[in-house]
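Please keep the sequence and the structure in view while reading.

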Amino acid sequence: MSIIQITVQELAARLTGERQNLQLIDVRERDEVEIASIAGFEILPLSEYDQWSATFVEKFDPHTETLVLCHHGMRSAQMCQWLINQGFTNVKNIGGGIDAYAYVVDLNMPKY
């Protein structure tokens, strides 16, 4: 199954709207999140997989739209694949990651 991508412009539009049916996951490292982040994202660094994976399915609904963010879109794609393998049915990778978001949507956001 191929991973659905959304653009940072689509993300920005979704974030200004109603968020109640939206799960937002950021898989970057905590030091990256300190540099630049988007409010409302749950921080689940891939390196801390052992700490959050066991309780993941209790916290997140597998049928709610889930958007996954990283720096450029590679780690979030890995997470999307994992989610699909866990039975999640509405997963989208944010293409270009927070880097693209900083260049296209929020020009004041720090870049790294």
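How many of the five residues of strand S2 are buried? In this predicted model, five of the five residues of S2 are buried, so the strand is largely enclosed by the rest of the structure. Its side chains are divided between two directions, Leu22, Leu24 and Asp26 pointing one way and Gln23 and Ile25 the other way, and all are buried.

Strand S4, which spans residues 65–69, is mostly covered, with five of its five residues buried. From S4, Glu65, Leu67 and Leu69 point one way, whereas Thr66 and Val68 point the other way, and all are buried.

**Strand pairing**

Strand S2 (residues 22–26) pairs with S4 in the parallel sense over five bridges, and S2 also runs parallel to S3, to which two bridges join it. Individual bridge partners are given below.

| Residue | Bridge partner | Strand of the partner |
|---|---|---|
| Leucine 24 | Leucine 67 | S4 |
| Isoleucine 25 | Valine 68 | S4 |
| Isoleucine 25 | Glutamate 42 | S3 |
| Threonine 66 | Valine 91 | S5 |

Glutamate 48 lies in the loop between strand S3 (42–43) and helix H3 (49–52). Because its relative accessible area is 16%, and buried means under 20%, glutamate 48 counts as buried. Its C-alpha atom is separated by 10.0 Å from that of arginine 30, a residue 18 positions away along the chain.

**Helix packing**

Helix H1 (residues 8–16) packs with helix H6 (residues 97–104) at an angle of about 80°, their axes lying 9 Å apart. H1 and H6 are therefore roughly perpendicular to each other. In this contact, Val8, Gln9, Leu11, Ala12 and Leu15 of H1 meet Gly97, Ala100, Tyr101 and Val104 of H6.

**Annotated span**

An unreviewed UniProt entry carries the annotation "domain: Rhodanese" for residues 18–110. In the model, the end C-alpha atoms of residues 18–110 lie 26 Å apart, and the span is 37% helix and 17% strand.

Note on methods. Residues numbered from 1 in each chain as written. Predicted model: local features only at pLDDT ≥ 70, side-chain atom pairs only at ≥ 80, totals over all residues. Heavy atoms only, no water. UniProt positions renumbered as here; feature names shortened; annotations may be inferred. Helix = DSSP H or I, 4+ residues; strand = E, 2+ residues; numbered from the N terminus. Buried < 20%, exposed > 50% of the residue type's maximum accessible area, 1.4 Å probe, protein only. Pairing = 2+ DSSP bridges. Axes fitted to C-alpha atoms, helices over the stretch in contact; angles between N-to-C directions. Parallel < 35°, antiparallel > 145°, perpendicular 65-115°, else oblique. Contact = heavy atoms within 4.5 Å.
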